Amino acid sequence: MRPCLPSPLHELCDPRLTALGLRLALKRDDLIHPEVSGNKWRKLKHNLTAARGQGQRTLLTFGGAYSNHLRATAAAGHALGLATVGVVRGEELADRPLNPSLAFAVEHGMRLVFVDRATYRAKHTPQVLDRLLAEHGPAYVLPEGGSNEAAVRGCAELPAELGDDFDVVCVAVGTGGTLAGIAAGLPPGRRAIGFAALGGGFLADEVADLQRRTYGAPTDNWHVEHGFHHGGYARRGPELDTFLADFAARHDFAPEPIYVGKMLFGLFALAERGTFDPGTRLIAVVTG
Ligand SMILES: *Cc1c(COP(=O)(O)O)cnc(C)c1O
């Protein structure tokens with residue numbers, strides 16, 4: 001499981017930003033590892049050490065049918081010789097052909113357990129968890145999206161790879177572990193902006209809670225933008241599609257649309273609104 005770290009930092013030359021006096025670089029975490037890619041590698045790193053340190057031979061975790069976290073956990077377990085169990089939301093999926101994400105997980109040895117939505121909602125309660133562990137454990141349990149204290153500490157290692165020529169780090173937010181860690185790892189005077197990939201407006205609370213659990217208190221150098229989710233998780237509309245097609249044509253790079261595309265859309269929208277002072281150096285984390 002040898003990673004490519006530090007991941008590359010690619011300058012992006014975009015006349016729309018140059019005209020505003022802004023500079024942008026892409027932090028290519030998507031190049032860290034071919035199968036355990038992006039922020040998932042950083043989030044799993046300390047968890048895998050902990051699992052092995054505890055002598056666990058199985059990882060058990062949770063995700064939706066298109067979860068990148070399930071894929072990454074399956075690949076990591078496969079590479080390290082750990083069994084993996086993926087608890088998937090939606091029992092109706094058990095009778096359908098597997099989508100590419102779940103097929104990948106199964107090919108990498110993951111046992112899938114499909115549960116109904118009510119059970120899934122209660123997944124982190126002792127009743128449900130104990131039953132899952134009785135049936136499929138013992139196991140090292142990773143929460144949905146892999147966001148726990150060890151994941152936050154892994155993501156907090158990213159800013160040390162950025163040098164000191166930057167002001168603002170932009171990152172997509174799904175469960176919040178990546179933003180929580182990056183913000184905690186920033187040097188003084190820098191800040192992080194999270195772009196929520198889903199609606200509901202609760203993600204800032206999740207990020208604060210993760211920082212509280214990891215470090216005792218939240219940091220005050222970040223916020224979450226809730227206005228760029230384009231209708232919800234994995235939803236998209238013509239505005240986002242047009243932006244992404246144009247971005248790919250300009251930069252010969254097609255961002256992953258569910259998280260990274262929405263973050264870049266939001267970054268450019270904020271820039272065009274005059275949110276950033278001229279001279280600001282931005283970094284956008286390509287989380288996958
Ligand atoms: C999982 C994922 C995220 C969300 O990370 P969180 O730590 O859950 O906020 C962002 N981008 C990509 C590409 C992902 O796969």
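The legends below describe close-up views of one predicted model.

Residues are numbered from 1 along each chain as its sequence is written. Local features of this predicted model need pLDDT of at least 70 and side-chain atom pairs need pLDDT 80 or more, while totals for chains, interfaces and linings use all residues, and side-chain values use heavy atoms, without hydrogens or water.

**View 1. Residues around the ligand.** The shell around the ligand has 15 residues, and those that come nearest are Lys-40, Lys-43, Thr-175, Thr-178 and Thr-287. The shell divides into two nonpolar, ten polar and three charged residues. In this grouping Ala, Val, Leu, Ile, Met, Phe, Trp, Tyr, Cys and Pro count as nonpolar, Asp, Glu, Lys and Arg as charged, and the others, Gly among them, as polar.

View 2. A polar side-chain atom of Lys-43 is 2.6 Å from a ligand oxygen. The side chain of Asn-68 has an N or O atom 2.7 Å from an oxygen of the ligand. Gly-177 takes part through a polar backbone atom, at 3.3 Å from a ligand oxygen. On its own the ligand has 390 Å² of accessible area, and the protein covers 96% of it; such areas come from the Shrake-Rupley method with a 1.4 Å probe, and for residues only the protein chains shown count as cover. Two or more shell residues come from each of the elements α2 (39-53) and α8 (177-185). The largest share, three residues, comes from α2. Helices (H or I, at least four residues) and strands (E, at least two) are DSSP runs, numbered from the N terminus.

**View 3. A tilted ring pair, Phe-195 and Phe-228.** Rings of Phe, Tyr and Trp (its six-membered ring) pair if their centres lie within 6.5 Å; planes under 30 degrees apart count as stacked, over 60 as edge-to-face and the rest as tilted. By this rule there are seven aromatic pairs. The ring centres of Phe-195 and Phe-228 are 5.9 Å apart and the planes meet at 50 degrees, so this pair is tilted. Phe-195 belongs to strand β8 (residues 191-196) and Phe-228 to the loop between β9 (222-225) and α10 (238-251), so the pair ties together parts 33 residues apart in sequence. Both Phe-195 and Phe-228 are buried, where buried means under 20% relative accessible area, exposed over 50%, and partly exposed in between (1.4 Å probe, protein chains only).

**View 4. A ring pair within helix α10.** Phe-243 and Phe-247 also form a tilted pair, because their ring centres are 5.9 Å apart and their planes are at 35 degrees. Both residues lie in α10, four residues apart, which is about one turn of the helix. Phe-243 is buried at 9% relative accessible area, and Phe-247 is buried at 0%. Ring pairs join Phe-195, Phe-228, Phe-243, Phe-247, Phe-265 and Phe-268 into a cluster.

**View 5. Charges over rings.** A charge sits over a ring if NZ of Lys or CZ of Arg is within 6 Å of the ring centre and within 35 degrees of the ring normal. The charged end of Lys-40 is placed over the ring of Tyr-259, 5.9 Å from the centre. Arg-190 lies over the face of Phe-166, with 5.2 Å to the ring centre.

**View 6. Helix α11 and its ends.** Of the 16 residues of α11 (residues 257-272), 13 are buried, so the rest of the structure largely encloses this helix. At its start, a side-chain oxygen of Glu-256 comes within 3.2 Å of the backbone nitrogen of Ile-258. After α11 comes Gly-274, with a positive phi near 85 degrees.

**View 7. Cis peptide bonds before two prolines.** Leu-5 and Pro-6 are joined by a cis peptide bond with omega about -5 degrees. Pro-6 is in the segment before β1 (9-12). The bond from Gly-137 to Pro-138 is cis too, with omega near 0 degrees, and Pro-138 lies in the loop between α6 (126-136) and β6 (140-141).

Methods: A residue is near a molecule or strand if one of its heavy atoms lies within 4 Å of it. A polar contact is a pair of N or O atoms within 3.5 Å; within protein, one must be able to donate a hydrogen and the other to accept it, and residues adjacent in sequence count only if both atoms are side-chain atoms.
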